[in-house]
Amino acid sequence: MKKTLLVVGLTALMSTAAVAQELGASIARFDDNFLTVMRNGMTDHAESLDGVSLQVEDANDDIGRQIDQVKNFVAAGVDGIIVNIVDTSAGAAVSEAAGDTPLVYVNREPDNVNELPPTQAFVASNEIESGTLEAFQICRNLRAAGKAGGAKGYLMNGQLSNQAAVQRSKDVHDVIGMDMCNFMTLIDEQTANWSRDEAQSLMTNWLSAGEEFDFVIANNDEMAIGAIQAMKAAGIDMAAVEVGGVDATQDALVAMQAGELDVTVFQDAFGQGRGSVDTAIALSKGEEVDSKVYIPFKLVTPDNIDSFLDKN
Amino acid sequence: MAETSHGTGGLTFDKSKRAWPNELNIFIALILIICIFEALGQLLPYMNGQSLLFDTKGRFDSIFNEARIKIIILQVSIIGIIALGVTQVIIAGGIDLSSGSIVGASAMIAMSFAQTELVNGNPNPKAIFGPWAMDLPAIIPVIVGLLCGMLAGIINGVLIAYTRIPPFIATLGMMVSARGVAKWWSRGNPISFPTEDYAWIGSGMMPVIWFVLLAVLFHIILRYTVYGKHTYAIGSNEDAARMSGIKVARHKVLVYTIAGMLASFAAIILSAKNLTAQSGMGLVYELDAIAMAVIGGVSLAGGRGSIIGTCLGMLIFGVIISGFTYLKLDAFYQEMVKGFIIVAAVVLDQWRQKKAAAKT
Amino acid sequence: MQDDIVLKTEDLTKHYGGVHALDGANFELKKGEHVAIMGDNGAGKSTFVRQITGVEQRTRGKIWLYGKEVNFTGPIDAREAGIETVFQTLALADDLDVPDNLFLGRELTFWNWLGPFRFLDYKAMRQATIAGLEKTAVKIPNIKNTIRNMSGGQRQCVAIARTATFHSRLTIMDEPTAALGVQETEQVENIIRQLKSVGEPLILISHNMRQVMDLVDRIIVFRRGRIVANLKRDETDGQDVVAYITGAKGDDVADVA
Ligand SMILES: Nc1ncnc2c1ncn2[C@@H]1O[C@H](COP(=O)(O)OP(=O)(O)O)[C@@H](O)[C@H]1O
Ligand SMILES: [Mg+2]
């Protein structure tokens, strides 16, 4: 009796194993809010698909460990690998480690993105959109508030070594350089390392200089929220200051509903995660896939916030 | 007036002479650093004669720039609370690398019992537990958080005191494990939107008030109680302490437990201040806390240092962070200077030790 | 057993593995008596002290203190029984001052209900320290100085002053002047004379013949873990003692020291 059960069980196991898609994913870090939403997108989507199993590993911000994880996946014979790369300049090494196993880069753009072999692809949002959308909307809001004659403000950078931070800040500078927005000037820009707490301190430090300002642009929502908390503590009227962030996190949307945050940009983290799983499956089945799959950014303002409330 | 008394052999001893306290040197260093920033504010053309601590432009009501003085203290007070514990650990001849991770883990766990049910009239989008854990009295997350730090501290202490694992290794293990707990607790998701009562703990200048209360408490404890005396004795000469009948192992467990609880209390204040707990919270706080203590004259060799010194070290930290923002200099330079000052403090300490050793 | 015997050992023996560091020591110390223990390096003098003071557990033998058999499990036991020891390696905390070191592990406190956080009675400890220093005529320029900032002689004095402060019933000093200069040695010797004048019994381990001849009533010589001589100071001289130390004399062991 027991024996038959065992045999039945084994055959069942083998038959599913035969058609199953086994995927492995290595995420740069598990404690990053955005990457967590993306990771949830992957795991939820993989669970919803029949016969797809996904194993997710934490690279702990260590590129060496990440490459080992990729090699381990290859050795385990997975059908596809998803990599959220720790160091964008290590693309060649990661691509080589994957060998013939299909590989999908997600969210962070590896430097070899234009030389990927046909078994590899890149799924992300186009980073150049986010900072531009954010800064341009701030510019329009300032104009609408009648400050086109001149507006001063601060820029909060993310981690200075991070590509997205550098790109988003560059986009802000580019927007301010445009004819339409060159009435905006930056009093100072500093890093707050993506962190709410550091942003609170930085903003309070700025406030202690006592200069008038009209806007605060942050590379992400966490820093924007930190700036808002500092300004509220100093008794500043949040209606008089334009504040922008990126990510459209739940905390940010709540701040927007409260009339404190004016602009954020929705990067579809969940969609990126889902897209990376779909792309990996397609590659493993030998289907042809574009080497760059873009999930668009979307601007979020109080006017359209309702459609984003349940997204991230 | 030198008060002397005479021994029977006609030998004298002077009871009133006091050595120049090391804290005074650190205080002078603090003043010096402030003066440098003030001078740069006057000299650098783009600063337009701004001042770091004074209100030269008449923007505020007093002669001081109160906003900046407040932020100088506020931005370091939470790490300062951790430094109070780290100070005791180092004086006892140990080291604690786990405090930053204990902050992360305690913040996550405490915050999940501090959430409020309704945010702007909608259900809390970051709810961790069901309605039973919503809108609990603030004392519950506080106790839960402190228990986390206590547990971590006891584990540290027992490992170090009874299995004789070097403190560096034991607390390094705890640093990795506690960070793991912080990430695992909500699978990396941030935990936000606490009750108003909980948020009050970290609102406004509350972090500074907590810091001052704890600093005074531990100043008294280290200086005037048996616990303090034994902490210095163990860090000074562990064998002598043991020969004198001090229960060294038990005392060490107590020291690490207190350090763990201070780290978790810092976590509670930090999460209340930010209205969120995130698994990456407190990252490398342990290094800043150790640096504050070392800059404040706490000797890494054990046996020497004080809460007053650590407070001054903390203020030097605060002045540097604010000073660089005030000079509109990038964070790169701030980190470089911070690193330099830490190394300088350690070198100074070793030089002092050598000098003392050469005297005998 | 006589009432005036402070310390008595019988067949006191300590083996470290195969090393017979101390072998069958029979020893007696009378009230108010000062006895010196001499012997070559490695003769077993410190080992003898460590067995009496409970720092180590003896291999066999018996110890009586004031007529009562004692079995110390640690140095604290011995100290509580009234034996104050100045160990060869001074057990002082470098970063603490004189009163702190004197009272380390037995602080005077108040508000004892606070447990480990009970408060130190600095004033009482300071006064007791000063009284102890006066009693022993110890000269320390500033008792608020930390041990780290003191000379070797001053450190030795602090270690010795501990014994005086606590009215010990027996003081043991293991080579207290080995590392000291002439003046400092003199200071320590003054303290020892002071102890003699107040009638406190003492065991002094020393290599310094002049010092021993100056200070003590009786000399015990150790050689290769055994007591080889028990000599009244008044009935012997330096040459005689040296003969015992080097083994030129007395290969047959003295029965009761
Ligand atoms: N812990 C120990 N383990 C092994 N041998 C020891 C130990 N302590 C002392 N000895 C040995 O016992 C002998 C006596 O040493 P000790 O009592 O220190 O001599 P001294 O008379 O110079 O004080 C020496 O041979 C020494 O090497
Ligand atoms: Mg010896």
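Chain C and chain B bury about 3,300 Å² between them in this predicted model. Carbon and sulfur atoms give 62% of that area. Asp95(C), Phe117(C) and Arg148(C) supply 16% of the area that chain C buries against chain B, more than any other three residues. In terms of contacts, the interface involves 41 residues of chain C and 40 residues of chain B.

Of the two pairs of chains that touch, chains B and C have the most contacts. Chain A and chain C are joined by no contact, and their closest C-alpha atoms are 35 Å apart.

Polar interactions also cross the interface of chain C and chain B. The rule finds 12 residue pairs in polar contact there, with both residues at pLDDT 80 or more. Two salt bridges are counted between the two chains. Arg304(B) forms a salt bridge with Asp95(C), with the closest N and O atoms 3.3 Å apart. Asp95(C) is also one of the three residues named above for their share of the area that chain C buries.

Several elements of chain C give two or more residues to the side that touches chain B, as listed here.

| Element of chain C | Residues |
|---|---|
| Helix 2 | 75–80 |
| Strand 8 | 119–120 |
| Helix 4 | 122–136 |
| Helix 5 | 152–165 |

Helix 4 of chain C provides the largest share of this side, six residues. By class, the side of chain C that touches chain B has 22 nonpolar, 14 charged and five polar residues.

Chain A holds an open sheet of four strands. Their order is 7-6-8-9, and the pairing is parallel. Strand 7 (184–191) and strand 9 (242–244) of chain A stand at the edges. Each has a single partner strand, so one side of each is left without a neighbour in the sheet. From one strand to the next, the twist averages 15°.

Within this sheet, strand 6 (residues 151–157) of chain A is joined to strand 7 of chain A by seven bridges, and the two run parallel. Ala151(A) stands opposite Met184(A), which belongs to strand 7 of chain A. Helix 7 (residues 196–208) of chain A lies across strand 6, strand 7 and strand 8 (215–218) of chain A. The helix runs at about 150° to strand 6 of chain A.

Methods. Residues are numbered from 1 along each chain as its sequence is written. Chains are lettered from A and ligands numbered from 1 in the order in which they are written. This is a predicted model: local features need pLDDT of at least 70, side-chain atom pairs count only at pLDDT 80 or more; totals for chains, interfaces and linings use all residues. Side-chain values use heavy atoms; hydrogens and water are left out. Contact means heavy atoms within 4.5 Å. Buried area is the accessible area (1.4 Å probe) that two parts lose on being put together, summed over both. A salt bridge is a side-chain nitrogen of Lys or Arg within 4 Å of a carboxyl oxygen of Asp or Glu. A polar contact is a pair of N or O atoms within 3.5 Å; within protein, one must be able to donate a hydrogen and the other to accept it, and residues adjacent in sequence count only if both atoms are side-chain atoms. Ala, Val, Leu, Ile, Met, Phe, Trp, Tyr, Cys and Pro count as nonpolar, Asp, Glu, Lys and Arg as charged, and the others, Gly among them, as polar. Two strands pair if DSSP finds at least two bridges between them. Axes are lines fitted to C-alpha atoms, for helices over the stretch in contact, and angles run from 0 to 180 degrees between N-to-C directions.
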